Amino acid sequence: MLPAVARSLGSSRYAAAPDLGLPAARRAVVLLVDGLGHEQLLRRGGHAPFLRGHLAAAPALDCGFPSTTATSMGSFGTGTPPGTHGLVGYEVLVPGEERVFNELSWERGPDPRVWQPHRTVFEELSDEGVAVTLVGPGFFQGSGLTTAALRGARFRSGSTLAARVTAAADAVRASARALVYVYWGDLDKVGHVSGVASWEWGDELEAVDRAVAQLAARVPADTAVHVTADHGMVDVPSDRRVDLAHERDLLAGVRLVGGEPRGTQLYCAVGAAPDVLDRWRARLGDSAWVASRAELVDSGWFGAVRREVLPRIGDVVAVMLGDGAVVDSERMRPEVLRLKGLHGSVTSAERTVPFVSLPPRTA
């Protein structure tokens with residue numbers, strides 16, 4: 001969707017991008033609400049009267065696979081699929097180093113400009129004279145994921161949602177031609193801890209809805225405001241989790257485990273992948289689609305895959321289809337094991353995200 005926004009701003013470099021029905025605008029603000037799935041917004045719309053009033057004209061977009069923040073930010077920021085930008089999961093193999101790293105935290109991660117070498121939409125727009133600003137928490141500035149997926153923007157920090165609305169309104173007013181990107185992550189945090197069916201999630205959605213209404217009222221009249229997300233979420237009961245700590249036979253032939261509980265990626269010993277595939281298919285049955293890397297790549301799940309990216313994808317991937325998950329209580333921290341809301345798979349609840357677009361008030 002970001003190339004479509006760039007096109008609406010008159011970018012010649014994105015003139016051929018899908019327009020998604022966006023009218024031309026001199027300025028735009030894009031608010032990404034982490035964890036705001038399209039289905040959750042429809043189901044809990046009573047908590048979001050402002051957004052609900054625009055949902056009829058709002059398409060549901062597909063965030064792709066895996067439905068996880070790091071991957072989605074790569075797709076959002078570059079306008080390319082995961083196989084091209086290379087951010088193919090939450091935890092992924094660093095080829096040649098025999099370890100996985102977390103693409104969200106980027107702790108001990110590789111050079112983000114090498115890991116994701118393609119120019120971002122922000123870089124392209126900046127070269128065309130558009131003032132691009134990223135508004136988020138202070139620790140985003142210069143982080144690995146920001147550098148990999150969102151480089152090219154000037155940074156403004158804000159610790160609260162109200163502060164980010166103010167920063168966005170100020171930034172968009174500062175230039176006659178501008179794009180401001182705002183990130184808000186608390187809805188995702190509440191969903192993980194309390195679940196998307198919880199009253200806490202509804203309360204946070206109300207706060208987001210009020211902020212969107214305030215933002216729309218405060219930007220200049222020639223500014224479009226767009227609201228989207230990186231993924232949705234499902235609640236996973238504790239009795240629907242396969243714990244690898246108690247089923248160690250599933251790890252026979254597995255060198256490393258990556259991905260996340262709803263989309264587990266297994267890096268196998270040489271020659272062991274077929275046996276691992278059969279063993280996981282037998283154990284998970286109809287609750288998951290267990291596939292080889294070749295099956296996933298050939299089916300286009302990651303889009304066109306660069307040669308350098310191919311080994312980052314698990315030899316075997318277990319994609320949960322119902323409300324289950326795969327965890328490892330020996331490896332995962334207790335607070336991670338307690339999370340109620342999860343994502344990373346291909347269900348529509350996880351993969352579809354809203355795209356609410358408020359056109360400029362004046363032509």
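These legends walk through a few close-ups of a predicted model.

**View 1. A four-stranded open sheet.** Here the strands line up in the order β11-β12-β14-β13, with antiparallel pairing. β11 (254–260) and β13 (288–292) sit at the edges with a single partner strand each, so one side of each has no neighbour in the sheet. From one strand to the next, the twist averages 15°.

**View 2. Zooming in on β11 and β12.** These two strands run antiparallel and are joined by six bridges, with β12 covering residues 263–268. To find one of the pairings, look for Gly 259: its bridge partner in β12 is Thr 264.

**View 3. A helix across the sheet.** Helix α12, made of residues 273–284, lies across β11, β12, β13 and β14 (316–320). Against β13, α12 runs at about 175°.

**View 4. A cis peptide bond in a loop.** Most peptide bonds are trans. The bond joining Phe 65 and Pro 66 is cis, with omega at about -10°. You'll find Pro 66 in the loop between β2 (60–62) and α4 (69–78).

**View 5. Two loop residues with positive phi.** Leu 20 has a phi near 50° and belongs to the loop between α1 (2–8) and β1 (27–33). Leu 20 is partly exposed, at 36% relative accessible area. Arg 108 has a phi near 55° and sits in the loop between β4 (99–102) and α6 (112–115). With a relative accessible area of 60%, Arg 108 counts as exposed.

View 6. As for disulfides, a search of the whole structure turns up zero.

Methods. Residues numbered from 1 in each chain as written. Predicted model: local features only at pLDDT ≥ 70, side-chain atom pairs only at ≥ 80, totals over all residues. Heavy atoms only, no water. Disulfide = S-S within 2.5 Å. Pairing = 2+ DSSP bridges. Axes fitted to C-alpha atoms, helices over the stretch in contact; angles between N-to-C directions. Contact = heavy atoms within 4.5 Å. Buried < 20%, exposed > 50% of the residue type's maximum accessible area, 1.4 Å probe, protein only.
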